[in-house]
Amino acid sequence: MPHTLVGYGHRVASTKKLFAALTRRGPHRVMRGDLAFAGLPGVVYTPAAGKNLPGVAFGHDWITSADRYRGTLEHLASWGIVAAAPNTETGLAPSVLTLAYDLGTTLDIIAGVRLGTGDISVHPGKLGVAGHGFGASAAVFAAAGMSAKPRAVFAAYPLVTKPSAEEPAAGLSVPGLILTDPGDPMTLRSNAVELARAWKAATLRPTSKTKAGGLVEGRRLAPVVGLPGADKGTQKIVRALMTGYLLHMLTGDRNNQDYKDFADPEVELPKAPVMDPFADDPVDLENKIVALLKP
């Protein structure tokens, strides 16, 4: 038993150290490109060089654009992940199905052409889909609609959409990580718990000291008009969780297990414990999460 406890303590310490490292930029120099060369408005960020890299398509939140996630996309690229985001469906009445289709198209583009000056490529078997808010729900639709399924989906604070993302999630076998923030007022529009209940292959994690809309960058006046503003603390936590999760899910194998805890539904991560969406009714569950995350 002592050996087990020592091993567990070492694992926890190692995970905390990795989490702290992942809140900072990675070792790769980052390059920016434009998806318009392939006929789709949007941006792509890549490491300066690399072959057969992992790639992710990222969906933006409601009434915002891909440009509002520059720091997040650059962060992923700095850790060796090609990150691209379509800049479509940015108006007041966006279509979640259209954004989902564009996310799939984005993956086709980055996996189908050489990037940069031709010395950067994405492996077609190392693809993922991610998103924030409205874009998180679009990511679920995208994964469900792709004939060649991505390896993983990362859904940060998904929001209710029409049609509902729970419908495609119910038949989705692709692993996913869902973040929720029950302490944020914007959670009233969240479908994170319902999505986790429908999506059997997904893990639900509540985050502490975060704001559900805070991943968006540069919205200094947003609170004045009732929109969520940028929050640097949220950005650091979400970027670390997403990067660790994708590094394992898109590239993890027997020789690369460093980030496996970020995808393990039994491991308590810093700022993001695991919650069972079936533990209680949604109201009681949220109250318990809020209590759990209080300092």
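Q: What makes a residue count as buried here?
A: Buried means under 20% relative accessible area, exposed means over 50%, and partly exposed lies in between, with a 1.4 Å probe and protein chains only. This is a predicted model, where local features need pLDDT of at least 70, side-chain atom pairs count only at pLDDT 80 or more, and totals for chains, interfaces and linings use all residues. Numbering starts from 1 along each chain as its sequence is written, and side-chain values use heavy atoms, leaving out hydrogens and water.

Q: Which residues of α3 are buried?
A: Val96, Leu99, Ala100, Asp102, Leu103, Gly104, Thr106, Leu107, Ile109 and Ile110 are. Their cover includes β2, β3, β4, β5 and α4 (134–145), where contact means heavy atoms within 4.5 Å.

Q: Why is threonine 88 called buried?
A: Its relative accessible area is 12%, and the cut-off is under 20%, so threonine 88 qualifies. Threonine 88 sits in the loop between β4 and α3. Leaving aside residues up to four places away in sequence, threonine 88 touches Leu40, Pro41, His60, Leu99 and Asp102.

Q: How do you know that the length of α3 agrees with its residue count?
A: Helices are DSSP runs of H or I with at least four residues, strands are runs of E with at least two, and both are numbered from the N terminus. The expected span is 1.5 Å times one less than the number of residues. For the 17 residues of α3 that gives 24 Å, and the end C-alpha atoms are 24 Å apart, so the two agree.

Q: What makes β1 and β2 a pair?
A: Two strands pair if DSSP finds at least two bridges between them. β1 and β2 have five, in the antiparallel sense, so they pass. Within this pair, valine 30 stands opposite proline 47 of β2.

Q: What joins β2 to β4?
A: Four bridges do, and these strands run antiparallel. Valine 43 has alanine 85 in β4 as its bridge partner.

Q: Why is β2 described as largely enclosed?
A: Six of its six residues are buried, so the rest of the structure largely encloses β2.

Q: In what order do the eight strands form the open sheet?
A: The order is β1-β2-β4-β3-β5-β6-β7-β8, with mixed pairing. β1 (30–34) and β8 (202–206) are the edge strands, since each pairs on one side only.

Q: In which sense do β6 and β7 pair?
A: β6 (residues 152–156) and β7 (residues 176–180) pair in the parallel sense over four bridges.
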